[in-house]
Amino acid sequence: ATRMTQQLLAKYGTIGLVTYTGVNVTTFGTVYALVATGTADPIALLRRGAPSAERLGFDLTSRLDSLQATAGDGMSLGSTLIIALACTKLLFPVKLSVAAALLPFTTRLYARVRSTGLL
């Protein structure tokens, strides 16, 4: 994934960074809204990523157990933000793929807007 990120940045430059940032902010906003409204079960999503985290040396399972014990009482704003950030991080491969698919379109759009003199 890092190699793909470097290739996209080398090929598309600032437009690639802006596109990825837009995808990232949109993903975070969506995940936050789903977690805050209770529509999604973030603990289940994070548990899917737990084996990967444990291979990297993070003890995610025990932390999720303690978080799930307190989540029944309703999560605070801080907990909601942290869970939304963790879920967004787990979605990195998806976000990168979406950004890569959008880059040709955003590059053409940028070139068209720039040729009109608006930028």
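**Figure 1. Buried residues of helix α1 in the predicted model.** The buried residues of α1 are Leu 8, Ile 15, Gly 16, Thr 19, Tyr 20, Val 23, Thr 27, Val 31 and Val 35. The structure shown here, as in the views that follow, is a predicted model.

**Figure 2. The kink in helix α1.** Helix α1 comprises residues 2-37, and its end C-alpha atoms are 33 Å apart. A straight helix of 36 residues would span 52 Å at 1.5 Å a residue. Within α1 there is a kink of about 125°, centred on Tyr 12. After α1 comes Gly 38, which has a positive phi near 80°.

**Figure 3. The aromatic pair of Tyr 20 and Phe 92.** Two aromatic pairs are found in a search of the whole structure. In the pair formed by Tyr 20 and Phe 92, the ring centres are 6.2 Å apart and the planes stand at 70°, so the arrangement is edge-to-face. Because Tyr 20 belongs to helix α1 and Phe 92 to helix α5 (residues 92-115), the pair ties together parts that are 72 residues apart in sequence. Tyr 20 is among the buried residues of α1, whereas Phe 92 is partly exposed, at a relative accessible area of 26%.

Figure 4. Ala 99 is located in helix α5. Its relative accessibility is 3%, and Ala 99 therefore counts as buried, the limit being under 20%. When residues up to four places away in sequence are not counted, Ala 99 touches Thr 19, Tyr 20 and Val 23. Ala 99 and Thr 21 are separated by 78 residues in sequence, yet their C-alpha atoms are 8.8 Å apart in space.

Figure 5. Ala 84 has its place in helix α4. This residue is buried, with a relative accessible area of 0%. Neighbours within four places in sequence being left aside, Ala 84 is in contact with Phe 28, Val 31 and Tyr 32. From Ala 84 to Gly 29 the C-alpha distance is 8.4 Å, although the two residues are 55 apart in sequence.

Figure 6. Thr 88 lies in helix α4, which covers residues 77-90. With a relative accessibility of 5%, Thr 88 counts as buried. Apart from neighbours within four places in sequence, the contacts of Thr 88 are Asn 24, Thr 27, Phe 28, Val 31 and Lys 95.

How values were computed
Residues are numbered from 1 along each chain as its sequence is written. This is a predicted model: local features need pLDDT of at least 70, side-chain atom pairs count only at pLDDT 80 or more; totals for chains, interfaces and linings use all residues. Side-chain values use heavy atoms; hydrogens and water are left out. Helices (H or I, at least four residues) and strands (E, at least two) are DSSP runs, numbered from the N terminus. Buried means under 20% relative accessible area, exposed over 50%, partly exposed in between (1.4 Å probe, protein chains only). Contact means heavy atoms within 4.5 Å. The expected span of a helix is 1.5 Å times one less than its number of residues. The bend at a residue is the angle between axes fitted to the seven residues ending there and the seven starting there. Rings of Phe, Tyr and Trp (its six-membered ring) pair if their centres lie within 6.5 Å; planes under 30 degrees apart count as stacked, over 60 as edge-to-face and the rest as tilted.
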